[in-house]
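Work through the exercises below with the sequence and the 3D structure at hand. Try each task before reading its solution.

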Amino acid sequence: MRVLLCAGALALAGCATLPPPAVEDPQVLALRERARDALNPAFSLSGRFVVKGPEQTASAALDWQHAKDRDELQINGPLGKVLAQLVRDAQGVRLIDERQRVTEAATLDELSRAVFGAELPLSRAAYWVTGQPGSADVRSRDAVGRVAVLTEQSWRVEFTEYDGDGPDALPRQIDASDGEHSFRLRIDAWYPLP
């Protein structure tokens with residue numbers, strides 16, 4: 001269960017869901033621009049995810065703050081209990097589970113090998129959640145030019161819903177699978193970072 005929860009959180013809160021803001025709102029446009037900034041991307045989001053593996057299924061909520069040099073991610077159970085926390089900074093990556101066990105690595109990809117024993121494209125997750133391909137291959141785009149399907153390593157990532165109709169909309173729902181594992185990330189709210 002720990003592995004599935006961590007996999008879903010890393011590859012992608014017990015709070016009320018906020019309605020999506022109006023597309024014309026200048027604050028929303030600025031948030032989208034900042035999240036996709038090539039030199040200094042920054043965002044904060046709350047969402048829920050489901051991870052399915054060959055023998056287990058797990059679901060949880062997450063809160064994620066991302067900046068170029070730092071990530072803070074918290075995984076919460078159904079009643080708001082903190083199940084895991086991940087921090088990426090200049091010292092590396094630390095994953096702390098609900099029993100306060102710490103797993104450390106130099107990079108997200110090294111952490112994936114240590115925790116899961118497999119090569120997962122965790123370092124590219126920040127691109128995925130903002131609807132950007134990063135180093136992935138874009139397989140298709142929707143009618144307004146947004147990424148609809150991309151592939152990275154053995155993962156197929158589908159952007160099934162965006163938070164608006166415009167070409168700059170951020171993803172609302174992402175489904176991904178590597179054939180053995182799958183996850184669905186539902187982003188409930190995007191927030192600006194200071």
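## Exercise 1: A residue in a strand

The structure is a predicted model. N76 is found in strand β3, which covers residues 70–76.

Task: Decide whether N76 is buried or exposed, and find which side chain it joins in a polar contact.

Solution. Step 1: the relative accessibility of N76 is 3%. Step 2: buried means under 20% relative accessible area. With its 3%, N76 therefore counts as buried. Step 3: the side chain of N76 has a polar contact with the side chain of D63, at 3.3 Å.

## Exercise 2: The sheet

Task: State how many strands form the sheet and in what order they stand. Then explain why one side of β6 and of β7 is left without a neighbour in the sheet.

Solution. Step 1: the open sheet is formed by 11 strands. Step 2: their order is β6-β5-β4-β3-β2-β1-β11-β10-β9-β8-β7, and the pairing is antiparallel. Step 3: β6 (102–105) and β7 (137–141) stand at the edges. Each of these two has a single partner strand, so one of its sides has no neighbour in the sheet. Step 4: on average, neighbouring strands of this sheet are turned by 20° against each other, direction ignored.

Strand β5 (residues 92–97) runs antiparallel to β6, and four bridges join the two. In one of the residue pairs, I96 has V102 in β6 as its bridge partner.

## Exercise 3: Salt bridges

Task: State how many salt bridges a search of the whole structure finds. Then locate the partners of D163, R70 and R186.

Solution. Step 1: the search finds 15 salt bridges.

Step 1: D163 forms a salt bridge with R32, at 2.7 Å from N to O. D163 lies in the loop between β9 (155–162) and β10 (171–177), while R32 lies in helix α2 (residues 26–35), so the pair ties together parts that are 131 residues apart in sequence. Both D163 and R32 are buried.

Step 2: the side chains of R70 and D89 meet in a salt bridge of 3.3 Å, N to O. R70 is in strand β3 and D89 in strand β4 (residues 82–89), 19 residues apart. R70 counts as partly exposed because its relative accessibility is 34%. D89, at 15%, counts as buried. A network of salt bridges links R70, E72, D89 and R94.

Step 3: R186 pairs with E161, and the closest N and O atoms are 2.6 Å apart. R186 is partly exposed, with a relative accessible area of 24%. E161 is partly exposed as well, at 33%.

## Exercise 4: Aromatic rings

Task: State how many aromatic pairs the structure holds. Then classify the pair of F43 and W190.

Solution. Step 1: there are four aromatic pairs. Step 2: the ring centres of F43 and W190 are 5.5 Å apart, and their planes stand at 75°. Step 3: planes over 60 degrees apart count as edge-to-face, so the pair of F43 and W190 is edge-to-face. Step 4: F43 lies in strand β1 (residues 42–52) and W190 in strand β11, so the pair ties together parts that are 147 residues apart in sequence. Step 5: F43 is buried at 1% relative accessibility, and W190 is buried at 11%.

A second pair is that of W155 and F183, which is tilted, with 5.8 Å centre to centre and 50° between the planes. W155 is in strand β9 and F183 in strand β11, so this pair ties together parts that are 28 residues apart in sequence. W155 and F183 are both buried.

Ring pairs also link F43, W64 and W190 into a cluster.

## Exercise 5: A charge over a ring

Task: Find which residue lies over the face of Y162.

Solution. The residue is R146, at 4.3 Å from the ring centre of Y162.

## Exercise 6: A loop residue

Task: Find where A136 is placed and how far its C-alpha atom is from that of V149.

Solution. Step 1: A136 is in the loop between α4 (125–129) and β7. Step 2: at 11% relative accessibility, A136 counts as buried. Step 3: A136 and V149 are 13 residues apart along the chain, and their C-alpha atoms are separated by 10.0 Å.

Terms used
Residues are numbered from 1 along each chain as its sequence is written. This is a predicted model: local features need pLDDT of at least 70, side-chain atom pairs count only at pLDDT 80 or more; totals for chains, interfaces and linings use all residues. Side-chain values use heavy atoms; hydrogens and water are left out. Two strands pair if DSSP finds at least two bridges between them. Axes are lines fitted to C-alpha atoms, for helices over the stretch in contact, and angles run from 0 to 180 degrees between N-to-C directions. Buried means under 20% relative accessible area, exposed over 50%, partly exposed in between (1.4 Å probe, protein chains only). A polar contact is a pair of N or O atoms within 3.5 Å; within protein, one must be able to donate a hydrogen and the other to accept it, and residues adjacent in sequence count only if both atoms are side-chain atoms. A salt bridge is a side-chain nitrogen of Lys or Arg within 4 Å of a carboxyl oxygen of Asp or Glu. Rings of Phe, Tyr and Trp (its six-membered ring) pair if their centres lie within 6.5 Å; planes under 30 degrees apart count as stacked, over 60 as edge-to-face and the rest as tilted. A charge sits over a ring if NZ of Lys or CZ of Arg is within 6 Å of the ring centre and within 35 degrees of the ring normal.
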